[in-house]
Amino acid sequence: MERGSDGDRVDVAVVGAGFGGMYMSHRARSLGLAVRAFDVADDVGGTWYWNRYPGARCDVESLEYSYSFDEALQREWRWTERYAAQPEILAYARHVAERFDLRRDIRLRTRVTGARWDEAAREWVVETDPGEPLRARFLVLASGPLSSTNLPGFPGLAAFEGRTFHTGRWPHEPVSFAGRRVAVIGTGSSAVQMVPVVAREAAALTVFQRTAAYCVPARNGPIDPAYEATVRADYAGFRARNREQLAGFGSTLPPPEPSALTATEDERRRAFDARWALGGFAFGRTFRDLGTDPRANELAAQYIRDRIAETVADPATARRLMPTHAILCKRLCVDSGYYETFNRPNVRLVSLHEQPIERFEAHGLVAGGEPMRFDDVVFATGFDAMTGSALKIDPVGRDGLRLSQAWREGPVNCLGLGVAGFPNLFTLVGPGSPSALTNVIVQIEQHVDWVARCIDWMRASGHATIEPTAAAQAAWVEHVNTAMAPTVFSRCDSWYVGANVPGKPRVIMALYGFPAYARRCEETAAAGYTGYEVG
Ligand code: NA7
């Protein structure tokens, strides 16, 4: 493979300059390849560029939610808090971009509007706005699993004269809620982080809840220096042990107990209490059977409902806040005072089951027949997750096949990395991989390393194209469905199954179990890309 010129042809085109796109650019360049990354934002950072709502923070601990690929980088960067806030993660992304001189290959403020496989030239033609089409041997979609926002079409919304926001597209200038009547719609992780912060500032805050969230306390604070020193003493070992965890993080947490069902009531209470006191996702892995046995799951769910009953003073509000679905089938929310916020006199919870939003009006909305006045409405309504950003580009593969056609009944691919009929196209952290059920940075590094190795192998073996066979793809889809069917993740209306977006096919889109997945990818590569067709 020749090194591409800096004109309209490169070896690797990358969509996105978040953590995936940045590392992909770095690895491609280190192989001596010409690379060009695009991002519509005016800076790097992806998710952490856009999600700058008040209280935005990572729910994976800082010492783990960071790149491991460069020993010097992980040694020099110091995190201040156990869970980093959005500005600190964005500063880290910028630091990485500068440290590895990534910006010269990144075109910011540039949207990839389409991509077409040119069979004769055996390369991708990537359309951008602004800009001329770029030709590339390989196309990597690093556009993120949670980047295409979901804005439900509420009747009359256009008539609303106040300010509106979406958590995933937060303005860059400071937003003050002082003295204002604010509505927040949605109660997922973003709302759970934002609500306590906005409640302290706003005159009145009304939270509209469709599905109550299971929240576990973050217990955030400055990084514990003793713990940090232990990690830093063997950072590489710490990373390696985390890669062996099912979700790619948490190797220093207490291991799960065998079963919530065989433990005595006392043992169970002590185990839940201990993880609750630790904070964060530790609670979700108190017992091994929480994700597989509905009776065990219900015991963990009831533990949280009991904490809500203890915390929230008004019994009717407490009852509304108690989730009834299986715990863990939607991502646990890691909170800092969410339930407590509903004890404030300026905060009201509205259940959309009791009072559905009928319509927006100039100065507010009507829910369940009740007119309510608002100055500001915040949509914390999440994302067209996993597939949204890839389908917006809607690449056209061999014989005019569009990705939207190939994925008409839900996303299909092989190893979550490549799609039959789309040569030399790779998706990072997309459907069919552990993706959002992992520490996403661990997933990104594994995916990028796999893609880089594959491109390097093709160069060494003189191949021009690679794509999964239809049979290997069908087998992988079957594997993901079979593996995930008995798990809690398939069990309720979450974005893991596309149920949050009306009309989206219902398919489980993430595969739980990072280590087994990574081994499978490794075996495929080591065996010369079995299940792939090379040309
Ligand atoms: P989520 O977790 O998808 O939460 C979105 C919330 O918005 C959730 O409570 C939804 O209720 C609610 N929602 C979505 N559509 C509607 C409509 N039409 N009406 C009312 N309420 C609605 O997104 P987040 O941004 O909070 O978090 C995304 C991920 O980012 C998170 O998992 C972490 O990984 C970080 P529903 O549950 O669908 O009934």
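An open sheet of 5 strands is arranged in the order S7-S16-S8-S9-S12, with parallel pairing. At its edges are strand S7 (163-166) and strand S12 (347-351), each of which pairs on one side only. Neighbouring strands of this sheet are turned by 20 degrees against each other on average, direction ignored. Such axes are lines fitted to C-alpha atoms (for helices, over the stretch in contact), and angles run from 0 to 180 degrees between N-to-C directions. Two strands are said to pair if DSSP finds at least two bridges between them. Helices (H or I, at least four residues) and strands (E, at least two) are DSSP runs, numbered from the N terminus.

This is a predicted model, in which local features need pLDDT of at least 70 and side-chain atom pairs count only at pLDDT 80 or more, while totals for chains, interfaces and linings use all residues. Residues are numbered from 1 along each chain as its sequence is written, and side-chain values use heavy atoms, with hydrogens and water left out.

Within the parallel sheet, strand S8 (residues 181-185) is joined to strand S16 (residues 376-379) by 4 bridges.

The ligand is surrounded by 19 residues, the closest being Thr187, Ser190, Arg210, Thr211 and Lys330; a residue is near a molecule or strand if one of its heavy atoms lies within 4 Å of it. An N or O atom in the side chain of Thr211 is 2.5 Å from an oxygen atom of the ligand. For Lys330, a polar side-chain atom lies 2.5 Å from an oxygen atom of the ligand, and for Arg331 the distance from a polar side-chain atom to a ligand oxygen is 3.0 Å. The protein covers 86% of the 770 Å² of accessible area that the ligand has on its own. Accessible areas come from the Shrake-Rupley method with a 1.4 Å probe; for residues, only the protein chains shown count as cover.

Asp59 is placed in the loop between helix H2 (47-50) and helix H3 (71-76). Asp59 counts as buried because its relative accessibility is 13%; buried means under 20% relative accessible area, exposed over 50%, and partly exposed in between (1.4 Å probe, protein chains only). Apart from neighbours within four places in sequence, Asp59 is in contact with Tyr83, Phe281, Arg331 and Val334, where contact means heavy atoms within 4.5 Å.

Leu328 is in the loop between helix H10 (315-321) and strand S11 (333-335). Its phi is near 85 degrees, a positive value in a residue other than glycine. Leu328 counts as buried, at 15% relative accessibility.

A second open sheet has 3 strands in the order S13-S14-S15, with antiparallel pairing. Its edge strands are strand S13 (357-361) and S15, each pairing on one side only. The twist averages 20 degrees from one strand to the next. S13 and S14 are joined by 4 bridges, and Phe360 has Leu365 in S14 as a bridge partner. Strand S14 (residues 364-367) is in turn joined by 4 bridges to strand S15 (residues 370-373), antiparallel to it. Here Leu365 has Met372 as its bridge partner in S15. S14 and S15 form a hairpin with 2 residues between them, and Gly368 in the turn has a positive phi of about 55 degrees.

Leu415 lies in the loop between helix H13 (403-406) and S17. Leu415 is not a glycine, yet has a positive phi of about 60 degrees. At 3% relative accessibility, Leu415 is buried. Thr427, in strand S17 (residues 425-427), is also buried, with a relative accessible area of 6%. The side chain of Thr427 reaches the backbone oxygen of Gly416 at 3.2 Å. Beyond its neighbours within four places in sequence, Thr427 is in contact with Leu141, Gly416, Leu417 and His447. Thr427 and Val14 are 413 residues apart in sequence, and their C-alpha atoms are 9.9 Å apart in space.

Lastly, Pro130 is found in the loop between strand S5 (123-129) and strand S6 (134-141), and the peptide bond from Asp129 to Pro130 is cis, with omega near 0 degrees.

Methods. Polar contact = N/O pair within 3.5 Å; in protein donor to acceptor, adjacent residues only side chain to side chain.
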